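Here are my notes on the model you asked me to look over.

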Amino acid sequence: MCGNSRNWAIKGVRSAIANSCSKLCSALLLGGGILCAILTSTSLQAETIEVLTYEESPFAVKVGKTHHGLLVDMLKEMFSRTSLDYNLRFIPLKRAIITTERTPGYCVLPVARSQEREAHFRWISPVLVSRYGLFSRSNQTIPLTSLSDAKSYKIGSFLGSGIGEYLIDLGYDVELASVSAQNLRKLKRARIDLWAAELVSAQEQMQKQAINFGVPELIFYTSLRAMACNKEIPRDQTLALENALKSMYRDGYMSRLYLEYGVKI
Amino acid sequence: MSDIRQNKLFTLLLLCIVWLSFDAHALFDPKMKAAEYWVTNEFQPSTLTQVEQMQEMSWFVEASKPYFGLQIRVVSERIATHGYEASVLAKAFFEITGIHVVHELTGEDDVINKLSAQIFTQQNLYDAYINDSDLIGTHFRSNAVLPLSDFMKQEGEAVTLPTLDLQDFIGLKFTTGPDGKLYQLPDQQFANLYWYRHDWFNREDFKQRFRLRYGYELGVPQNWQAYEDIAEFFSDDVKEIDGSRVYGHMDYAKTDPSLGWRMSDAWLSMAGVGDKGLPNGLPVDEWGIRVEQCRPVGASVERGGALNGPASVYAVDKFIYWLNRFAPEESIELNFTQAGEWPGKGLIAQQIFWYTAFVADLTKPDLPVMNSDGTPKWRVAPSPVGKYWQDGMKSGYQDTGAWTLLKNTPLERQQAAWLYAQFVVSKTVSLKKTLVGLTPIRLSDIESDVMTQRAPYLGGLVEFYRSRGRDVWTPTGTNVPDYPGLANYWWHYISQIIEGKVTVQKGMDNFAVAVDKRLKLIGARADMKCAPKLNPVSKREVWLNAPGAPKREISASQVGKTLSYEEAINVWK
């Protein structure tokens with residue numbers, strides 16, 4: 001109830017501003033349309049989108065007051081290709097999603113775009129293309145023609161991992177560690193046969209732990225994640241962001257960015 | 001006489017030579033050896049002889065040579081048929097061709113998101129998609145999907161299987177655009193049919209009680225009035241069988257995307273919302289969208305559509321009434337998945353809306369709905385129709401998952417993916433795949449002796465697919481120009497009605513206006529062929545008084561009509 005009232009109040013203020021702007025524009029258009037166009041553009045530019053994300057190395061990392069990571073770089077580039085400003089904040093995913101759903105002017109990323117969520121947000125997608133692979137020990141080759149060839153092996157993943165749940169659902173023998181990093185040690189010590197991991201994260205973790213399992217035996221799944229924005233985000237803003245994102249994929253920016261993190265899209 | 005004998009000897013000799021040559025070939029070529037292994041040990045039964053199967057495999061071995069060592073990615077939804085492809089057929093294809101296929105399984109919504117993302121980003125995320133043909137209206141307008149009929153004559157000619165036999169596919173009309181081009185190749189099909197407890201319907205005591213109360217025979221309902229009478233009979237009159245509460249109806253209505261599919265999967269067509277004409281009704285289809293030429297011109301009655309017309313209101317009204325009146329109390333809180341297990345519990349007498357993709361699940365021997373000899377106690381039959389339905393209209397839904405190639409996939413990868421697509425639907429493989437997943441696509445499989453032998457164990461699935469019903473139960477058609485965008489509207493607007501926030505009429509009015517708005521937005525895209533162009537708004541009476549859909553209100557009730565199971569199947573012979 002409280003949240004609704006607050007949303008309603010914000011909507012009211014925004015609506016009043018929009019009405020005033022519209023009336024002002026009409027008056028100005030009578031006297032000369034160019035000034036109105038400049039004003040509209042300035043008001044668009046002045047609006048800051050609050051972007052929420054959460055710590056997930058190496059996609060979004062917060063060290064003191066600085067932010068870095070693949071998604072942080074991507075966001076910077078995407079907004080630079082529009083006239084929009086943004087403010088990036090780190091909060092836990094669940095809270096970020098609720099805040100964005102309830103509060104105009106907010107977006108959250110990266111979010112899986114499910115049927116259940118689809119109608120509750122406006123979507124800018126895909127902001128993240130993740131490939132998942134199965135790694136074996138460096139001194140062992142496990143030839144995998146298809147994912148089903150991994151049925152007889154023990155696969156390591158971690159608690160809360162979407163890909164771990166996917167494999168469990170399909171009937172695979174999955175051992176869940178409390179954190180992802182434990183899987184490298186488990187694989188090295190042969191406590192698991194295969195490690196299911198997202199390729200960008202895997203690169204980073206192998207580097208951090210000075211372990212090299214080489215290329216995965218099989219890249220078996222691709223997931224797309226999106227930026228979800230509050231439903232009241234103006235259409236021109238989503239269009240601007242979509243166009244910026246599209247151009248980043250099409251002019252090769254995204255491919256270069258992924259390569260910086262050691263993987264191909 | 002001696003000529004005939006000589007001919008026979010000659011044919012036999014020829015067959016021996018062919019067989020020996022394949023055998024010799026198989027001895028030296030590891031791929032042919034692999035083909036022989038798979039044909040002998042996995043791809044049985046088949047409508048082809050083993051020699052013909054080996055000939056088909058030999059073609060794959062040759063045609064795939066330029067792509068040896070290539071790894072391709074394909075993605076499909078997660079049903080048993082695709083599970084078989086991903087775990088068995090992809091492996092066989094690799095051993096026979098040397099092309100490595102990663103066949104991913106995920107939700108159909110995710111398949112659509114991925115396909116859309118590849119078009120948006122121009123990144124080659126996948127080399128082929130198995131995507132529901134409900135998107136045909138989106139695909140043929142998008143200019144992003146490769147028309148397969150063109151591809152097979154041009155860049156794909158050398159990799160098009162000579163024995164593909166397109167005419168053998170039962171679902172081609174669902175995957176063909178209004179421009180006559182084939183955009184998708186069917187990989188699996190299942191229908192949404194009427195499901196009922198054949199054993200209960202044949203109990204003499206129930207038959208007698210039903211006849212006394214309703215004045216006609218208990219049997220397969222042919223119209224919604226009979227369905228309603230039977231629902232009432234089991235929920236209110238019979239009430240208990242062997243000490244357990246039983247229900248005359250089952251459905252689901254949780255505010256959830258699956259409620260949308262429950263409606264958009266042709267519920268309105270069963271009521272008779274659209275016009276005559278197959279596969280979807282012309283000029284108004286079962287989504288209530290009117291087209292002129294190939295352009296959608298509106299969904300609201302005010303623009304010539306039927307989404308908020310009397311027939312649609314009747315369809316939604318009946319859905320809600322039956323749910324509240326005859327289904328288990330918890331059904332309103334269930335989604336598709338949760339409701340799916342109910343018929344297997346043995347407490348449901350009939351269900352008007354049931355996907356045959358679950359035949360395999362409902363024929364598990366330990367279920368209370370199975371006989372000890374392995375035959376089911378239930379049957380599927382053509383669904384009953386509502387009071388606005390007339391001969392010549394579509395009568396329900398059929399899902400057609402179909403191979404879809406995108407133009408922005410590099411040619412070499414398109415060609416390799418096309419080889420895999422054809423492999424998993426080839427006659428060598430398709431009958432075995434049909435027996436595993438029970439989602440038939442080829443007439444030759446449906447009419448095979450093997451399917452005749454299996455028929456008693458599949459509760460009417462084979463009989464349905466051997467009938468004309470397979471052409472009358474159809475997927476979403478070409479009138480819907482943006483399926484991913486518009487499909488979401490269904491659960492959003494229908495849930496508001498079910499939750500009691502608006503009346504059925506008001507809810508459907510809101511829905512129709514929203515679809516019109518979306519059509520207008522899509523129509524603003526100058527580069528789209530057959531883009532929507534809305535009719536001007538007129539008074540409802542203008543369109544309601546015109547012939548066809550939208551139809552004027554029919555106030556009279558239907559008279560209940562039932563048939564025996566055999567007669568019901570014969571209606572569509």
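1. First, the ground rules. This is a predicted model, where local features need pLDDT of at least 70, side-chain atom pairs count only at pLDDT 80 or more, and totals for chains, interfaces and linings use all residues. Residues are numbered from 1 along each chain as its sequence is written, while chains are lettered from A and ligands numbered from 1 in the order in which they are written.

2. Chain A has 10 helices and 10 strands; these are DSSP runs, numbered from the N terminus (helices: H or I, at least four residues; strands: E, at least two). Of its 265 residues, 34% are buried. Buried here means that 20 or more other C-beta atoms, placed from the backbone, lie within 10 Å of the residue's own; 12 or fewer makes it exposed, and anything in between partly exposed.

3. Now find the sheet in chain A. It is open, has 8 strands with mixed pairing, and reads β4-β1-β5-β10-β6-β9-β7-β8. Two strands pair if DSSP finds at least two bridges between them. At the edges, β4 (85-90) and β8 (173-177) of chain A each have a single partner strand, so one side of each has no neighbour in the sheet.

4. Zoom in on β5 (residues 106-112) of chain A: 4 bridges join this strand to β10(A), and the two run antiparallel. One bridge to look for links A:Cys107 with A:Cys229 in β10(A).

5. Where do chains A and B meet? The contact takes 20 residues from chain A and 22 residues from chain B. Two residues are in contact if their C-beta atoms, placed from the backbone, lie within 7 Å. On the chain A side, β10(A) gives the largest share, 5 residues.

6. Over in chain B, the domain assignment gives domain 1 (2-182 + 405-455), domain 2 (191-254 + 325-397) and domain 3 (257-313 + 480-544). Such bounds come from an automatic or database assignment. Taken over C-alpha atoms, the centres of domain 1 and domain 2 of chain B are 37 Å apart.

7. Last, look at helices α2 (residues 30-41) and α4 (residues 80-97) of chain B, which pack at about 150° with their axes 7 Å apart. Axes are lines fitted to C-alpha atoms, for helices over the stretch in contact, and angles run from 0 to 180 degrees between N-to-C directions. Among the residues making this contact are B:Trp38 of α2(B) and B:Ile96 of α4(B).
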